[in-house]
Amino acid sequence: MNKKVYLLEDDKTIAELVRCALEMSGTETECFGTVAEFTAAAEKQPPAVALLDIMLPDGNGLDVLAKLKQKYPSVGVIMLSALGQETDKVKGLNLGADDYVSKPFGVLELTARVNALLRRSAGSSSLVRGNLSLDEETMTATLRGAKLELNNKEFHLLKYLMQKEGKALSRENILNAVWGYDEGETRTVDNHIARLRKLGIDYIETVFGVGYKFVYKE
């Protein structure tokens, strides 16, 4: 389970204080001083929770928020800002922020808010790998922020492959898990895999002589 927190904050003193407080509570935390550094890390592996300052040397935290929520809607976000203006808070919340903390803030309060978001994330029904997100509760999948039109079997096939990430699965195994029978026309699996690939999902690899496997590519 991903419990990592990313902090985007250009004030090194504040960043170190927050990092120490979160790690003392058992939460792995990575700090970034620029939008470019944060974006590069998030594209490799999105965090469970992101803490975003607004005023940054190479950009604006609200722009980062918008792009983050578009690509990875399940990531929890807390905005950090010394601005304290109601318009900024409203804009952040409208863009999808889960919480908003004004500077100066108490690290114990911030830690509590982060832990609350992590608990919510732990109870989430979402599967997220890179720019692919699947929500079991709503039966929806998004790729690069765009909703995929999947039928019931395509959704459950994708879910099964993601849950078995990295494992080579035979067509018979997939038929049993997704369609509910051990024997049948394995071409059915091939057709559904082809459909997922046409939608732009490029994480599904063919294992020759066996079947398929889901491989996350950074």
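Arg-129 pairs up with Glu-165 in a salt bridge (a Lys or Arg side-chain nitrogen within 4 Å of an Asp or Glu carboxyl oxygen), with the closest N and O atoms 3.1 Å apart. Arg-129 sits in strand β8 (residues 126-129) and Glu-165 in the loop between α6 (152-163) and β12 (169-170), so the pair ties together parts 36 residues apart in sequence; helices (H or I, at least four residues) and strands (E, at least two) are DSSP runs, numbered from the N terminus. This is a predicted model, where local features need pLDDT of at least 70, side-chain atom pairs count only at pLDDT 80 or more, and totals for chains, interfaces and linings use all residues. Residues are numbered from 1 along each chain as its sequence is written, and side-chain values use heavy atoms, with hydrogens and water left out.

The structure holds 13 salt bridges. Among them, Lys-103 bonds with Asp-53, the closest N and O atoms being 3.3 Å apart, and both residues are buried (under 20% relative accessible area, with exposed over 50% and partly exposed in between; 1.4 Å probe, protein chains only). Asp-190 does likewise with Arg-171, at 2.8 Å between the closest N and O atoms.

Tyr-203 turns up in the loop between α8 (187-198) and β13 (204-207), and is buried, with a relative accessible area of 6%. Leaving aside residues up to four places away in sequence, Tyr-203 touches (heavy atoms within 4.5 Å) several residues, including Arg-129, Gly-130, Leu-132 and Phe-214.
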